[in-house]
Amino acid sequence: MRVDLLTREYPPEVYGGAGVHVAELVRALRRDIDVRVRCFGADRDEDGVDAYRVPANLSGANPSLATMGVDLEMAAATGGTDLVHSHTWYANLAGHLASRLHGVPHVVTAHSLEPLRPWKAEQLGGGYRISRWIEETSFSGADTVIAVSDGMRNDILRCYPTLDPDKVAVVHNGIDLERWKPTLNHDVVRSLGIDPDRPSVVFVGRITRQKGLPYLLRAAATLPPEVQLVLCAGAPDTPEILKEVQEGVSELQKTRHGVVWIERLLDQPELAAVLTSATTFVCPSIYEPLGIVNLEAMACGVPVVGTATGGIPEVVDDGVTGRLVPIVQAQDGTGIPLDPQQFVTDLARTLTEVVSDPARAKMMGSEGRARAERDFSWDSVSVRTQEIYRSLT
């Protein structure tokens, strides 16, 4: 069987969880089947990987139109495949068109949903209406839509109620347990400005509305004074959200020592060392279909404090592998907390409880590693994905 996997992100151009998912899924699938990767960006030197750039005459167009230009070229290149599998709206149109053009099944993996990310209009302008149309059209035409969590499946059926529920499957994200494991390296941690002898709360994520970083900055103001806040945060969606975070960090640094902001993308060994040194990891997202970063932290033996939203409760076993922070959210697609101050207060209280009991935090971290080993291996993701492929071909 040949599968053409269509994606915007692929190493080394990876900036989010979808890119990590694709890279690991390809590695696992290739043990059994022929996988051709078609991605955006610069040429890759990996066999079986072809990259596509924005057509020159669309280089200055709205990003959604530029994306469509790449998708057309990707769709045209998929002749001879048995099945196409697209990831995120950026590549969904390529999968939809390839399926129609070549008469092959189309599988979509949903990593997020455009109707639940209305702040994307800040980045795409009118192109946000196009990204929503692409996603809806592709989901409607797909043979199977894969959700990365049960929570995500519920969101898909809520956003697209005309979809046949029987064609929406759940395959959880996975984690490479050999690469992501407890990694003590105090030299690396110190080189990044972090004191490994002090407790720390670590955040990893893109600077985007859904990640809830402004709420975390407000909550951090009341953490015990000895606690460091480590922000591995970059790739801002817009200048506006970047400015908001910059101002929040600046205000926090006026009253606290140990606020460390790492804006560059850390390589995997560096990030594993940072996670391992943490007292707790924090995921303050207001929208999170699952959150691979939560699995990475768990695999490194670190407890996770996460918002009780989306797929996070399927990863974080409250009181066992970490803690869940309650949130009451708007149902208008924004997901913003109806009482932002209450959410900030609950987040601060929960983080304080975890960092104030390092013995229990360590125990929850050990339980998290065990759960990652038991429930989230990429081998199991590959097996389940191939079952879906075979059911369609």
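**Reading the strands, loops and a pocket**

Me: Which residue in β3 does Val37 stand opposite?

Reply: Val37 stands opposite Val49 in β3, in a predicted model where local features need pLDDT of at least 70 and side-chain atom pairs count only at pLDDT 80 or more, while totals for chains, interfaces and linings use all residues. Residues are numbered from 1 along each chain as its sequence is written, and side-chain values use heavy atoms, with hydrogens and water left out.

Me: How many bridges join β1 to β2?

Reply: Six bridges join strand β1 (residues 2–7) to β2, and these strands too run parallel; within this pairing, Arg2 stands opposite Asp34 in β2.

Me: What makes the unit of β1, helix α1 and β2 right-handed or left-handed?

Reply: The test is to point the strands away from the viewer and to follow the path from the first strand over the helix to the second, which is right-handed if it runs clockwise. The unit formed by β1, helix α1 (residues 17–29) and β2 is right-handed, so by that test its path runs clockwise. In the loop between β1 and α1 lies Pro12, which is joined to Pro11 by a cis peptide bond with omega of about 5°.

Me: How do you know that strand β8 is mostly covered?

Reply: A residue is buried under 20% relative accessible area, exposed over 50% and partly exposed in between (1.4 Å probe, protein chains only), and seven of the seven residues of β8 (residues 200–206) are buried. Ser200, Val202, Val204 and Arg206 point one way, whereas Val201, Phe203 and Gly205 point the other way, and all are buried. In a regular strand the side chains alternate between the two faces of the sheet.

Me: Which strands does β8 pair with?

Reply: β8 pairs in the parallel sense with strand β9 (residues 228–234) over seven bridges, and Phe203 has Leu231 as its bridge partner in β9. The chain crosses from β8 through helix α8 (residues 213–220) to β9, and this β-α-β crossover is right-handed. β8 is also joined to strand β11 (residues 280–283) by two bridges, again running parallel, and there the bridge partner of Val202 is Phe281.

Me: Why is Ser200 called buried?

Reply: Ser200, found in strand β8, has 1% relative accessibility and therefore counts as buried. Taking contact as heavy atoms within 4.5 Å, and leaving aside neighbours within four places in sequence, Ser200 is in contact with several residues, among them Val227, Ser277 and Thr280.

Me: Why is Pro115 called buried?

Reply: Pro115 has a relative accessible area of 12%, and therefore counts as buried. Pro115 sits in the loop between β5 (106–110) and α4 (120–124), and its contacts beyond four places in sequence include Tyr128, Cys159 and Gly333.

Me: Which residue types line the second largest pocket?

Reply: The lining divides into eleven nonpolar, six polar and three charged residues, where Ala, Val, Leu, Ile, Met, Phe, Trp, Tyr, Cys and Pro count as nonpolar, Asp, Glu, Lys and Arg as charged, and the others, Gly among them, as polar. A pocket is an open set of points on a 1 Å grid over the protein atoms alone, where a 1.4 Å probe fits, with protein on both sides within 12 Å along at least five of seven lines, and lining residues have an atom within 4 Å of a point. Of the 20 lining residues, the closest to the centre are Thr276, Ser277, Ala278, Thr279 and Lys362. α14 gives the most to this lining, with five residues.

Technical notes
Helix = DSSP H or I, 4+ residues; strand = E, 2+ residues; numbered from the N terminus. Pairing = 2+ DSSP bridges.
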